[in-house]
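Reader: I am new to this one and would like to understand the terms used for it. Could you walk me through them?

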Amino acid sequence: MAQPHTKLSLAVAILLMPVMASAVEFRSVSVPKAVVYDAPSAQGKKTYILSQGYPVEVIVNLGEWLKVRDAQGGLNWIEAKQLANKRTVLVKGGQADIRQAADAASALLGKADKDVVLDMLESPVNGWVKVKHRDGITGYISASSLWGF
């Protein structure tokens, strides 16, 4: 007969399985221009093109094909080989302030316009994401101003 703590551990693991299985996975476009399709096939209808660095959320992984969500919420298919594990984020809304530290009172280093792709250097901490702009500025942006993490 199983020990009571073994039963409890098993019950907790079973309850957490849906949470663990629903971990959010983001990738970024690794090629200059990636074609996105309405089906997991090159014979599918081409819906649009994503530029290099654009972040996407992986919804379904079929190996060679991935169903992804873009920043506007669109769901489409892309070849897995066109994506990298590199983490990027996209500025949503208007301009986002790049700060020297993870604090709204910190020195302003610059601004990033809407739809600008930034390299994500660290995961969000206390509502701030450490990023690097293509112009070389490294700093912190409020997580509420970004999509892709």
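**Buried residues and paired rings**

Author: Gladly! This is a predicted model. Let us start with Tyr37, whose relative accessibility of 7% makes it count as buried.

Reader: What makes Tyr37 count as buried?

Author: Buried means under 20% relative accessible area. Tyr37 has 7%, so Tyr37 is buried. Trp65, with a relative accessible area of 11%, is buried too.

Reader: Why is the pair of Tyr37 and Trp65 called edge-to-face?

Author: Two rings pair if their centres lie within 6.5 Å, and planes over 60 degrees apart count as edge-to-face. Here the centres are 5.5 Å apart and the planes stand at 80 degrees, so the pair of Tyr37 and Trp65 is edge-to-face. Tyr37 belongs to strand 2 and Trp65 to strand 5, so this pair ties together parts 28 residues apart in sequence.

Reader: How many aromatic pairs are there by this rule?

Author: The count is two aromatic pairs. Phe26 and Trp147 form an edge-to-face pair, with 5.3 Å centre to centre and 85 degrees between the planes. Phe26 lies in strand 1 and Trp147 in strand 14, so the pair ties together parts that are 121 residues apart in sequence.

Reader: How do you know whether Phe26 is buried or exposed?

Author: The cut-off for buried is under 20%. Phe26 has a relative accessible area of 8%, so Phe26 is buried. Trp147, at 16%, is buried as well.

Reader: And what about Thr88: buried or exposed?

Author: Thr88 has a relative accessible area of 2%, under the 20% limit, so Thr88 is buried. Thr88 lies in strand 8, and a polar atom of its side chain is 2.6 Å from the backbone oxygen of Gly53.

Note on methods: Residues are numbered from 1 along each chain as its sequence is written. This is a predicted model: local features need pLDDT of at least 70, side-chain atom pairs count only at pLDDT 80 or more; totals for chains, interfaces and linings use all residues. Side-chain values use heavy atoms; hydrogens and water are left out. Rings of Phe, Tyr and Trp (its six-membered ring) pair if their centres lie within 6.5 Å; planes under 30 degrees apart count as stacked, over 60 as edge-to-face and the rest as tilted. Helices (H or I, at least four residues) and strands (E, at least two) are DSSP runs, numbered from the N terminus. Buried means under 20% relative accessible area, exposed over 50%, partly exposed in between (1.4 Å probe, protein chains only). A polar contact is a pair of N or O atoms within 3.5 Å; within protein, one must be able to donate a hydrogen and the other to accept it, and residues adjacent in sequence count only if both atoms are side-chain atoms.
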